[in-house]
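Me: I'd like to walk through a protein structure in plain words. Can you show it, and then take my questions one at a time?

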Amino acid sequence: MQRKTFLLKMFPDRQAAVLEQLAALAPQIRAAAAREGVGNFSIWSVQNLLCGYGEYEKDVDLDSEPELAKALEPVFDGNSEVICPTGTMRLMYHDIGIVREDKSLIRHRVFVTKLKPGCADEYKRRHDGLIAARGDAVSEGPDSNFTIWYGGGYIFGYCEKVKSFDREMTPEEREDTIKWETRQLEIMDWLTDDVDWITGEKHEHIRRIV
């Protein structure tokens with residue numbers, strides 16, 4: 001199984017119509033994805049961006065998935081610009097852990113940032129350090145099925161947080177989080193509201209459309 005993502009930018013004057021169409025067609029789109037062997041398929045929106053995620057049973061791209069492409073074409077055609085076609089985004093981080101097939105056991109944390117020019121390699125270097133520190137350990141949670149992707153200047157993160165691990169951060173965890181996220185602001189700007197509690201800024205909360 002392969003995890004793949006895609007990224008599109010909606011034209012400003014078509015954004016409302018695209019989101020409305022996607023929401024209306026969501027059941028048909030998910031069914032088409034399942035018939036093509038694409039599991040856990042979802043599309044997320046923040047600002048004028050659409051971020052897609054899917055788990056693929058075979059090595060295909062969006063253009064070679066006739067049913068899924070047919071379901072999405074009337075929504076995207078002439079209404080958006082493809083930033084990163086399916087399978088072209090660079091994997092920057094992974095922490096798969098133990099994936100829960102029952103998605104009622106998880107809640108999503110999906111986020112988008114924009115990297116500052118020339119900072120992609122530094123972003124990956126910092127996250128490679130997290131992977132090295134983790135070693136071969138497989139965590140039961142709280143993060144599950146966690147991947148971060150890069151393309152067209154944007155970071156797209158998909159994570160399934162295991163609900164049974166939900167709790168308040170300890171003071172030490174809170175301090176470490178603030179240090180990490182503050183340092184990350186050297187190389188990127190947030191488009192979603194994940195660190196508004198640290199910066200005092202106001203960003204959109206990402207929405208699942210499909």
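Reply: On a 1 Å grid over the protein atoms alone, a pocket is an open set of points where a 1.4 Å probe fits, with protein on both sides within 12 Å along at least five of seven lines, and lining residues have an atom within 4 Å of a point. Points are joined across faces, edges and corners, and the volume is the space filled by probe spheres set on them. This is a predicted model, where local features need pLDDT of at least 70, side-chain atom pairs count only at pLDDT 80 or more, and totals for chains, interfaces and linings use all residues. Residues are numbered from 1 along each chain as its sequence is written, and side-chain values use heavy atoms, leaving out hydrogens and water.

Me: What volume does the largest pocket have?
Reply: The largest pocket is lined by 40 residues, and R109, D143, K161, M169 and T177 lie nearest its centre. As for its volume, the figure is about 1,600 Å³.

Me: Which element gives the largest share of the lining of the largest pocket?
Reply: Start with the elements, which are DSSP runs numbered from the N terminus: helices (H or I, at least four residues) and strands (E, at least two). Those giving two or more residues to the lining of the largest pocket are β5, β6, α3, β7, α4 and β9. With seven residues, the largest share comes from α4.

Me: How many charged residues are in that lining?
Reply: Asp, Glu, Lys and Arg count as charged; Ala, Val, Leu, Ile, Met, Phe, Trp, Tyr, Cys and Pro are nonpolar, and the others, Gly among them, are polar. The lining has 17 nonpolar and nine polar residues, and its charged residues number 14.

Me: Which kind of aromatic pair do F111 and F146 form?
Reply: Rings of Phe, Tyr and Trp (its six-membered ring) pair if their centres lie within 6.5 Å; planes under 30 degrees apart are stacked, over 60 edge-to-face, and the rest tilted. The structure holds five aromatic pairs. For F111 and F146, the centres are 6.3 Å apart and the planes are at 75 degrees, so by the cut-offs the pair is edge-to-face.

Me: Why does the F111 and F146 pair tie together parts that are apart in sequence, and how many residues apart are they?
Reply: Ring pairs also link Y93, F111, F146 and W190 into a cluster. F111 sits in strand β6 and F146 in strand β7, so their pair ties together parts whose separation in sequence is 35 residues.

Me: Is N145 buried or exposed?
Reply: Here buried means under 20% relative accessible area, exposed over 50%, and partly exposed in between (1.4 Å probe, protein chains only). N145 is found in strand β7, and its phi is positive, near 55 degrees, though it isn't a glycine. Because its relative accessible area is 0%, N145 is buried.

Me: Which residue's side chain joins H203 in a polar contact of 2.7 Å?
Reply: A polar contact is a pair of N or O atoms within 3.5 Å; within protein, one must be able to donate a hydrogen and the other to accept it, and residues adjacent in sequence count only if both atoms are side-chain atoms. H203 is in the loop between α5 and β10, and its side chain reaches the backbone oxygen of W190 at 3.0 Å. The side chain at 2.7 Å belongs to D196.

Me: Which residue does a cis peptide bond join to G141?
Reply: The omega of that bond is about 10 degrees.
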